[in-house]
Amino acid sequence: AQSVTQLGSHVSVSEGALVLLRCNYSSSVPPYLFWYVQYPNQGLQLLLKYTSAATLVKGINGFEAEFKKSETSFHLTKPSAHMSDAAEYFCAVRALNQAGTALIFGKGTTLSVSS
Amino acid sequence: DVKVTQSSRYLVKRTGEKVFLECVQDMDHENMFWYRQDPGLGLRLIYFSYDVKMKEKGDIPEGYSVSREKKERFSLILESASTNQTSMYLCASLSGANVLTFGAGSRLTVL
C-alpha cells in the first residue's frame, strides 16, 4: 500500500528565507511522487512530479524537490520565499491497484510568508 | 490545457436532500476522481472511475455514490445529505502522464 506523511501542518518563513516542506512516503512499488499547491479558493495545481528519472526535480515558481530513496523522502524546497508563495501544499504518491491508478495525498502543509 | 469544470462552486442544502455534484473534463481522459477536502485531513478519495460505467470505491465511499454515463462527465451523488458531509469536494481527471488536473471545487454546506 502507498501512503504519504507531511511533517508539519504549518510552516512560517520570512520573505527571502529558504522554504523547506517535508514529505515522506511509503510505497511497495517504485513510487511516482507529486507536489501540488492550492491557493485560497482555488483547486489544486501541479508544482512538480518525480517519475523515476532525475532525482532532483524542478517545478514551477522556483520550487524543486529531491527524491531520496534511502530516506523515503521527497522534500520540497525554494531558496527564497515570496509573499505569493503563501498557500497550502500537498504531497502525493501514485497508488496502483487492480482497478487502476489513483493519487494518495498527505494532509497538507500551510505555508505562511511574512514580510 | 486540460480543463475540469465543476458546475457548482457553492451549494447549501438541507439534511436529507439528494445532492448532485457534476464534473466535466474536456481531454478524453479515462480516469476521473472525486476527493473530499477537510481542514487538517487533506484530500481523501471518495470514488474514482477508470472508464464509462466503471467505478471503484476510494477510502471514504460511505454515504456517496457516483455515475459515469459518458466519458467526459463524472457525477457525485449524496443520496441523503447529512451535516457531516459539509465539505469541499474536488473533482480531478488523470492524464496518461499520471498528472491530475483538478476543478475549482464545490463547497457544500448541509444545514
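The largest share of the lining of the largest pocket, three residues, comes from strand E9 of chain A, in a model that is predicted, where local features need pLDDT of at least 70, side-chain atom pairs count only at pLDDT 80 or more, and totals for chains, interfaces and linings use all residues. Residues are numbered from 1 along each chain as its sequence is written, chains are lettered from A and ligands numbered from 1 in the order in which they are written, and side-chain values use heavy atoms, with hydrogens and water left out. Strands here are DSSP runs of at least two residues labelled E, numbered from the N terminus.

A pocket is an open set of points on a 1 Å grid over the protein atoms alone, where a 1.4 Å probe fits and protein lies on both sides within 12 Å along at least five of seven lines, while lining residues have an atom within 4 Å of a point. The largest pocket has a volume of about 310 Å³, a volume being the space filled by probe spheres set on the points, which are joined across faces, edges and corners. Of its 19 lining residues, those closest to the centre are A:Gln38, A:Glu88, B:Gln37, B:Pro39 and B:Arg107. At least two lining residues each are supplied by strand E9 (87-96) of chain A and by strands E5 (31-38) and E10 (87-94) of chain B.

Turning to the sheets, chain A has an open sheet of five strands in the order E1-E3-E8-E7-E6, with antiparallel pairing, where two strands pair if DSSP finds at least two bridges between them. Strand E1 (3-7) and strand E6 (56-58) of chain A stand at the edges with a single partner strand each, so one side of each has no neighbour in the sheet. E6 of chain A pairs with strand E7 (residues 64-68) of chain A over three bridges in the antiparallel sense, and A:Val57 has A:Ala65 in E7(A) as its bridge partner.

In chain B, strands E6 (residues 42-51) and E7 (residues 54-57) also pair in the antiparallel sense over three bridges, with B:Tyr47 standing opposite B:Lys57 in E7(B). This hairpin has two residues between the strands, and B:Lys53 takes a positive phi near 65°.

Finally, consider A:Leu46, which lies in strand E5 (residues 44-50) of chain A. A:Leu46 counts as partly exposed because its relative accessibility is 23%, the class between buried (under 20% relative accessible area) and exposed (over 50%), with a 1.4 Å probe and protein chains only. Leaving aside residues up to four places away in sequence, A:Leu46 touches A:Phe34, A:Trp35, A:Tyr36, A:Ile60 and B:Val99, a contact meaning heavy atoms within 4.5 Å.

Key:
Helices (H or I, at least four residues) and strands (E, at least two) are DSSP runs, numbered from the N terminus.
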